[in-house]
Amino acid sequence: MQLATIFLGFIVFGFSENIKGPAIPRIQFDFMLNESQLGTLLSLNALGYLIACSFTAFLTRLWGIKIVSIAAFSVMILSGVCIYLSKSFPMFSSSYFLMYIGNGMLEIALAILGARIFVKNTGTMMNLTHGFYGLSSTVAPLIATGLMSVSVFGHMLDWRGMYVAMLSLSILPILFALRSSFPSDEVAHEDRVPLKTLMRDRVLWFMVLILSFGVVSELAVGGWLVNFLEKAYKWEDVKASGMLSAFFLCFTLARLILGPITDKIGFILSLIIFSGFSAVCTFGAIVGGEPLAFLFAAAGIGIAMIYPTVMAFIAKRYPNGTDTAITFTVTLMGVGSVIGNYLIGGVIELVKNGVGSDTQIGLIRGLQTGYGFIGLCAAICAVCSFILYLILKKQKELI
């Protein structure tokens, strides 16, 4: 029951985050939004996510992980109903904001739940559970596109019906959670590591850096790969989208298959190897041009391992402060990822204007530099991991 809850939870999490792609153009058309308004909407969502990350650990200590998990799934269902009923942009924005509150609660709750359940083979199991997120992320855009054209009793679902249908899947993990007995927080209040103590640990700050640069490199691919291939190599939409699907396929298979390696060779060494592999693939694809474009997809193998491996490391290093450490790390990661994605867009625009804003070569150089920044993030992730490896090895605290 515990495994079913966490696996289904990650499937729902993947759906909720990745069904927006096909829906956004229709949402923009229905509410007559300009690009600035759309950007504001997505920024508010990121804010909701960060707010939820900041209070979920506190609620876990207050109510228990079972109630918080069920509450997170319930918020997802409620937001789906509100999105369906929204007729004005303010109501829709509020509903979308609520969905990302649920998303943030769900991410922290699932991370804490995983840390408590997977006390053995932590790296393997963390990667396996996050693999289910990858599976649902891979098929989410296709399912969303199909559902928006489905008619029920003569009424087309469109994007509103699609959202309520997909978010209603949260009822499945709720049913399993209700029948489960989750590990309680057995750490006494006086034994719990306070946030101030954790913040003085430079190892945790390295985890923030590693996770932030890793997640920027991961999430930026979904936003920029298709755009890069279409504009730089003149690929058709279907072919470019196919490469993105190949990236997610590599991403998912890596999490499902390579998890045992992290337990065998150690979490920090794994971070060095996998983030370095992703950086090499990304730079190789840019330098090699169109013939080596397949390396863009191969980069997913390395970048997939960073998030779950960091979660596994935190669970092992901070057994008496896992909830607080995860919340602190993920919240700062969220801030870092927002800044990172803005920087990518800024770098592209800066280089494009410098070379020639209205020229094809300017556009190509801008896109190459911007995508190079994604590879640079993976490389920085590897460097930070290597420095941390040296620190922990010297202190004889390698995990």
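This is a predicted model: local features need pLDDT of at least 70, side-chain atom pairs count only at pLDDT 80 or more; totals for chains, interfaces and linings use all residues.

Next, the overall build. The protein chain has 17 helices and two strands. Its C-alpha trace spans about 60 × 55 × 35 Å along the principal axes. A compact globule of 399 residues would have a radius of gyration near 21 Å, and the protein chain has 21 Å, so the two agree.

Of the 399 residues, 53% count as buried. Contacts in the chain also reach across the sequence: among those between residues at least 6 apart, 82% join residues at least 24 apart.

The largest nonpolar core has 127 residues, and Tyr 163 and Met 311 are the ones with the most contacts inside it. Helix 10, residues 202-232, supplies the largest share of this core, with 16 residues. Have a look at Met 311 on your screen. Setting aside residues up to four places away in sequence, Met 311 touches Ala 111, Met 126, Leu 211, Ile 326 and Val 330.

Keep Ile 326 in mind, as we meet that residue again from another side. Ile 314 sits in helix 15, residues 306-317. Ile 314 has a relative accessible area of 0%, and because buried means under 20%, this residue counts as buried. Twelve residues separate Ile 314 from Ile 326 in sequence, and their C-alpha atoms are 7.0 Å apart in space. Ile 314 is in contact with Thr 322, Ala 325, Ile 326 and Thr 329, leaving aside neighbours within four places in sequence. Ile 326 is therefore touched by Met 311 and by Ile 314 as well, given that contact means heavy atoms within 4.5 Å.

A serine gives us another buried example. Ser 270 belongs to helix 13, residues 267-288. Its relative accessibility is 1%, so Ser 270 counts as buried. Beyond the neighbours within four places in sequence, Ser 270 is in contact with Ile 261, Thr 262, Ile 265 and Thr 309.

Phe 153 lies in the loop between strand 1 (151-152) and strand 2 (155-156). With 86% relative accessibility, Phe 153 counts as exposed.

Let's finish with a detail of the backbone. Most residues other than glycine have a negative phi. Asp 158, although not a glycine, has a positive phi of about 55 degrees. Asp 158 is placed in helix 7, residues 158-167, and is partly exposed, with a relative accessible area of 23%. Lys 396, also a residue other than glycine, has a positive phi near 55 degrees. You will find Lys 396 in the segment after helix 17 (360-394), and its 77% relative accessibility makes it count as exposed.

Terms used. Residues are numbered from 1 along each chain as its sequence is written. Side-chain values use heavy atoms; hydrogens and water are left out. Helices (H or I, at least four residues) and strands (E, at least two) are DSSP runs, numbered from the N terminus. The radius of gyration is taken over C-alpha atoms; the globule rule is 2.2 Å times the number of residues to the power 0.38. Buried means under 20% relative accessible area, exposed over 50%, partly exposed in between (1.4 Å probe, protein chains only). A nonpolar core is a set of buried Ala, Val, Leu, Ile, Met, Phe, Trp, Tyr and Cys residues joined through side-chain atoms within 4.5 Å.
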